[in-house]
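The two exercises below ask you to read a fold from its overall build down to one packing contact. Try each task with the structure in view before turning to its solution.

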Amino acid sequence: MVARACLGELPPEPATYVLLLRLKCPVDLTVGKLGRFSFPCGCYAYVGSAHGPGGLAARIARHLRRAKTLHWHIDYLRAHAQPVAVCYYVGEERCECRWARAFATMTGAETPAARFGASDCRCPSHLFHFATTPDLAAFGQAVEERILMETFSD
Ligand SMILES: [Zn+2]
């Protein structure tokens with residue numbers, strides 16, 4: 001299930017997360033060394049994990065900051081897309097590849113950029129495009145974990 005977080009701020013602990021972004025206009029982007037891709041407008045779900053200093057709080061703060069050195073694949077898309085929400089699961093266990101597999105089976109999921117966010121694993125992609133907001137409750141049920149959610153305002 002997806003429960004709404006009432007923490008006020010995100011925990012500075014290791015976590016697996018899904019960052020939801022909205023892209024208002026389609027863009028063609030060169031994503032580092034990965035290549036050039038066309039990103040249609042709509043909703044994007046990026047699956048990642050935060051196990052560095054500051055945990056989830058530090059990672060999401062980075063995603064929310066617009067001005068920064070472009071380092072990860074998601075940084076290139078983030079420069080054009082607006083963060084909408086984050087769903088997360090606090091824990092040392094790295095769930096992102098399993099979560100990516102769950103997203104891949106969801107209705108309407110497409111992968112516009114092969115290998116996006118998946119440099120360190122064998123997943124086809126850790127980024128999924130949806131024409132409309134994906135059914136996060138269904139995702140939560142599919143991964144069978146207690147997932148919290150925090151939404152961002154513009
Ligand atoms: Zn993976």
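**Exercise 1.** Describe the secondary structure of the chain in this predicted model, and then how compact the chain is.

*Solution.* Begin with the inventory, in which the secondary structure of this predicted model comes to four helices and eight strands. Along its principal axes, the C-alpha trace spans about 35 × 35 × 30 Å.

**Exercise 2.** Work out how helix 3 and helix 4 are oriented to each other, and which residues make their contact.

*Solution.* Start from the geometry: helix 3, residues 96-104, packs against helix 4, residues 136-143, at an angle of about 130°, with the axes 10 Å apart. Angles over 145 degrees would count as roughly antiparallel and those from 65 to 115 as roughly perpendicular, and the two helices are therefore oblique to each other. The crossing of helix 3 past helix 4 is right-handed. On the side of helix 3, the contact is made by Arg98, Trp99, Ala102 and Phe103, and on the side of helix 4 by Phe139, Ala142 and Val143. Sorted by class, this contact holds six nonpolar residues, one charged residue and no polar ones.

Technical notes: Residues numbered from 1 in each chain as written. Predicted model: local features only at pLDDT ≥ 70, side-chain atom pairs only at ≥ 80, totals over all residues. Axes fitted to C-alpha atoms, helices over the stretch in contact; angles between N-to-C directions. Parallel < 35°, antiparallel > 145°, perpendicular 65-115°, else oblique. Left-handed = near helix turned anticlockwise from the far one by under 90°. Contact = placed C-beta atoms within 7 Å. Nonpolar A, V, L, I, M, F, W, Y, C, P; charged D, E, K, R; others polar. Rg over C-alpha atoms; globule rule 2.2 N^0.38 Å.
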